Amino acid sequence: MSLESVLMINRKFRHILLIFTLLWIISCNDNDDIVLIPVKHAIPYDLKIPQGFPTKLNIPEDNPMTVEGIELGRYLFYDGRISGNKEPEKQMSCSTCHLQKNAFECGMDHPTYIDGRTFGVTGIPTPHYMLPLFNQVWNHNGYLWNGLINADNPDPMLRNIESLTYLSIIAPHEMNSDTLSAVNAIRAIPGYADLFNKAFGTKDITIDRMGKAIAQFIRTFVSSNSRFDQYLRGEIQLSPEELSGYVLFVTEEGADCFHCHGASGNPLFTTNLFYNNAKDSVFNDPRDRFAITGDPMMHGAYRAPSLRNIALTAPYMHDGRFRTLDEVIDFYSGGLVNSPYADPLMHYINYGGAHLTSAEKANLKAFLLTLTDEEFTKNPALSKPEPLK
């Protein structure tokens with residue numbers, strides 16, 4: 001056989017192999033059986049990083065963001081059938097509690113959860129009040145008030161945003177269901193098979209893929225266009241009162257807020273770290289940060305939530321003890337409770353607070369109100385789609 005003939009055969013073989021590779025990949029199903037699945041080329045999603053925001057993103061290698069994955073996640077986020085409950089009155093979705101108009105938090109005006117006190121389908125109250133869902137793609141320090149969901153959790157089902165779906169489904173104080181019921185409920189809806197196929201290259205619906213799709217959608221919840229952002233970009237001017245409030249916010253001699261909540265240099269307006277912020281002197285919550293780390297100095301410590309959209313996310317603190325921003329400001333001004341566990345960053349602890357004047361309190365509140373992002377809370381790409389049938 002001539003060299004030319006050998007090369008021609010090799011080229012044909014490589015061509016056939018390439019076509020085969022493009023058409024099929026080997027994947028494992030839930031039972032670890034080897035199956036052939038058609039390759040689907042999902043479109044990568046280009047997440048725009050706003051000016052001044054961190055460039056390090058929390059996107060796992062095994063769950064890259066795609067246009068199709070986000071579309072699927074949006075449907076699942078708003079679909080109460082994800083709970084696996086067949087009775088409509090017992091169905092619950094992520095959006096049941098996380099309302100877009102309240103920065104994906106419950107808020108004080110929820111039609112079901114009076115004053116923002118959430119509970120599950122069985123009526124069991126959630127252990128803590130809610131945290132809003134936005135800018136989570138920049139959170140690398142764990143999720144929930146105590147950081148239970150974190151990269152070092154020995155339980156692989158409790159390590160990232162992807163874990164929130166699983167945890168919400170099984171929690172007695174939320175959907176009070178099980179993953180098999182949730183998966184079967186979604187499998188029974190014809191439209192979902194095609195969406196999973198577009199997003200993951202298979203029509204097989206699993207709890208892992210459900211969690212990944214919802215996580216992709218949540219990572220698009222980017223809030224970056226408040227009036228304060230517009231001021232930093234030179235697009236608008238703030239009032240003298242708002243600017244005075246900002247100075248109070250970022251100075252230790254003022255309200256001393258920036259250590260835990262950031263400022264222009266930390267546009268997330270949180271460090272996503274955990275602090276005992278001197279609310280109490282007795283600590284018996286079995287779900288504080290101490291319960292996760294075992295560090296005795298973490299008694300009574302909780303995540304510092306973002307102050308973006310803070311006007312929309314009342315009530316405040318892990319236990320919802322403050323109903324208004326005025327109450328929060330009064331607390332930091334003169335209500336601090338000393339204890340051995342109070343974080344060292346609470347610089348005014350020995351004085352009970354920063355002792356702001358009435359004018360300073362008003363200015364600080366005026367600044368906090370500039371952090372509301374109406375473009376985010378009205379973004380149609382984040383709103384409820386028509387349900388699949």
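Of the 389 residues of the protein, 49% count as buried. The model is a predicted one. Its secondary structure comprises 14 helices and four strands. Among contacts in the protein with a separation of 6 or more, 63% are made by residues 24 or more positions apart.

**Aromatic pairs**

The count of aromatic pairs comes to 24. One of them joins Phe53 and Trp138: the ring centres lie 5.0 Å apart and the planes meet at 55 degrees, so the pair is tilted. This pair links distant parts of the chain, 85 residues apart. Phe53 belongs to the loop between strand E2 (34-38) and helix H2 (67-78), whereas Trp138 belongs to the loop between helix H3 (94-97) and helix H4 (163-170). Phe53 counts as buried because its relative accessibility, 6%, is under 20%. Trp138 is buried as well, with a relative accessible area of 4%.

Phe77 and Phe104 form another aromatic pair, and this one is edge-to-face. Phe77 lies in helix H2 and Phe104 in the loop between H3 and H4, so the pair ties together parts that are 27 residues apart in sequence. Phe77 is buried, at a relative accessible area of 0%, and Phe104 is likewise buried, at 0% relative accessibility. The geometry of the two pairs is set out below.

| Aromatic pair | Centre to centre | Angle between planes | Class |
|---|---|---|---|
| Phe53 and Trp138 | 5.0 Å | 55 degrees | tilted |
| Phe77 and Phe104 | 5.9 Å | 80 degrees | edge-to-face |

Phe77 and Phe104 also belong to one aromatic cluster, together with Tyr78, Phe134, Phe217, Phe221 and Phe376.

**Asn150**

The loop between H3 and H4 also contains Asn150. With a relative accessibility of 17%, Asn150 counts as buried, because the value is under 20%. What does the side chain of Asn150 reach on the backbone of Leu148? The side chain of Asn150 reaches the backbone oxygen of Leu148 at 3.0 Å. On Asp152, the side chain of Asn150 reaches the backbone nitrogen at 2.9 Å. Leaving aside residues up to four places away in sequence, Asn150 touches Gly142, Leu158, Arg159 and Ile292.

**Pocket and cavity**

Rolling a probe the size of a water molecule over the atoms shows where empty space is left. The largest pocket holds about 970 Å³ of space. Its lining consists of 46 residues, and those nearest the centre of the pocket are His98, Leu131, Leu144, Leu164 and Glu174. The elements that give two or more residues to this lining are H3, H4 and helix H7 (207-218). H4 supplies the largest share of the lining of the largest pocket, with five residues.

The structure also holds one cavity of 30 Å³ or more. About 720 Å³ of space lies in the largest cavity. The largest cavity is lined by 41 residues, of which His261, Asn277, Met317, Val328 and Tyr332 are the closest to its centre. At least two residues of this lining come from each of helix H10 (258-261), strand E4 (302-303), helix H12 (325-334) and helix H13 (358-369). The largest share of the lining of the largest cavity, five residues, is supplied by H12.

Definitions and conventions
Residues numbered from 1 in each chain as written. Predicted model: local features only at pLDDT ≥ 70, side-chain atom pairs only at ≥ 80, totals over all residues. Heavy atoms only, no water. Phe/Tyr/Trp six-rings, centres within 6.5 Å; stacked < 30°, edge-to-face > 60°. Buried < 20%, exposed > 50% of the residue type's maximum accessible area, 1.4 Å probe, protein only. Polar contact = N/O pair within 3.5 Å; in protein donor to acceptor, adjacent residues only side chain to side chain. Contact = heavy atoms within 4.5 Å. 1 Å grid on protein atoms, 1.4 Å probe; cavity = no way out; pocket = protein on both sides within 12 Å on 5 of 7 lines; lining within 4 Å. Points joined across faces, edges and corners; volume = space filled by probe spheres on them.
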